[in-house]
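Please open the model in your viewer and keep the selection panel at hand.

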Amino acid sequence: MQENICGKPCFKLETGLSENNQINIIMISYKELGLVNSREIFKKAFDGGYAIPAFNFNNMEQLQAIVSACVDANSPVILQVSSGARQYANQTLLRYMAQGAVEYAKELGKNIPIVLHLDHGNSFELCKSCIEMGFSSVMIDGSHLPYEENIALTKQVVDYAHQFDVTVEGELGVLAGVEDEVSAEHHTYTEPDQVVDFVTRTGVDSLAISIGTSHGANKFKPEQCTRNADGILVPPPLRFDILEEIEKRIPGFPIVLHGASSVPQEYVATINKYGGALKDAIGIPEEELRKAAKSAVCKINIDSDGRLAMTAAVREVFATKPAEFDPRKYLGPARDELKKLYMHKCEKVLGSAGKA
């Protein structure tokens, strides 16, 4: 580890050709970019009875909306990037976007804690590459593997990441649904009896569990749901009994919920009104997420809701202003709608507003 001229830690590998003529790369510390890892913000979230928003992003407008919303809400935030998003945006651009997010927050008036996190990393190599490019947190998802293989892979990532003070999220149990490269037809609920062994042997900093959330906008089939007094389809409740058992086994340990979008029906209606074809798009009720956020759940992932908000806004502009061709005129309204959504999540759902 070296220090740069500002006295900040910077991890670097020597550049040039190695003995086997391979070019070594420079390794960027997330601290150099002004980011933080998840350790301290999770501790505060656990003690305070709220959850940190983990908002996925792929482009500049999404990032602007996230940072602006969290600054206005005075909320810490996890900028979450899937493997597909990293390929889409480019790993080098992502590094500077994350650094830009930190500076943008300062420009807006608040130095809120910002984490850059890899969502659903599927290999040691991918996690290692993200750490070397400035990510402050990574998830290694070995949940699809046999139990012992999941432990071995997760521990390998932890051992590497902790050398650089990068935090690691592991996963036990499988979520149904489809989102980017993640796909599963059925839930496999997390086994509370496994969590102590898994956390102890891997050394992970947080644990994603399966208690009934699901990836994508079509989380449940209508026949799985009941209608409330307003005629709205309500999915089966989350398995808080499993969450409570896990809390008993690993008290004080940060828990993560994936697939926690609520799929606002107003966005679904707008998309379908202006030419979309979203059928049976049903999400997690926000009151259940608020309940989870008051427990050991310190991080709640929200991706599909952002996609819906952005798509609804863009479709409306295209339909109502068909002569418009300036990207700023449809991406701008999409960014504004995203900001409204993210502020609502911080203030009314996760309880993270005012906690930065």
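Begin with the strands of the barrel: eight of them close in the order E5-E6-E7-E8-E9-E12-E15-E16, with parallel pairing. On average, neighbouring strands of this sheet are turned by 25° against each other, direction ignored. Please bear in mind throughout that this is a predicted model.

Next, select residues 52-56 and 297-302. These are strands E5 and E16, which run parallel and are joined by four bridges. Within this pairing, proline 53 has isoleucine 300 of E16 as its bridge partner.

Now move to residues 147-161, helix H6. This helix lies across strand E8 (137-140) and strand E9 (167-172), and runs at about 175° to E9.

How many aromatic pairs does the structure hold? There are five. One of them is formed by phenylalanine 124 and tyrosine 160; the arrangement is edge-to-face, with 5.8 Å centre to centre and 80° between the planes. This pair links distant parts of the chain, since phenylalanine 124 belongs to helix H5 (residues 124-132) and tyrosine 160 to helix H6, 36 residues apart. Are phenylalanine 124 and tyrosine 160 buried or exposed? Both are buried. Select Phe164 as well: ring pairs link Phe124, Tyr160 and Phe164 into a cluster.

Display the whole of H5 next. Its buried residues include Phe124, Leu126, Cys127, Cys130, Ile131 and Glu132. To view what covers the buried residues of H5, show helix H3 (83-89), strand E7 (114-121), E8 and H6, which are among the covering elements. Then step just past the end of H5 to glycine 134, where phi is positive, at about 105°.

Finish with two contacts between a charge and a ring. Select arginine 239 and tyrosine 189: the charged end of the arginine sits over the tyrosine ring, 5.2 Å from its centre. Then select lysine 291 and phenylalanine 240, where the charged end of lysine 291 sits over the ring of phenylalanine 240, 4.2 Å from the ring centre.

Technical notes
Residues numbered from 1 in each chain as written. Predicted model: local features only at pLDDT ≥ 70, side-chain atom pairs only at ≥ 80, totals over all residues. Heavy atoms only, no water. Pairing = 2+ DSSP bridges. Helix = DSSP H or I, 4+ residues; strand = E, 2+ residues; numbered from the N terminus. Axes fitted to C-alpha atoms, helices over the stretch in contact; angles between N-to-C directions. Contact = heavy atoms within 4.5 Å. Phe/Tyr/Trp six-rings, centres within 6.5 Å; stacked < 30°, edge-to-face > 60°. Buried < 20%, exposed > 50% of the residue type's maximum accessible area, 1.4 Å probe, protein only. Lys NZ or Arg CZ within 6 Å of the ring centre and 35° of its normal.
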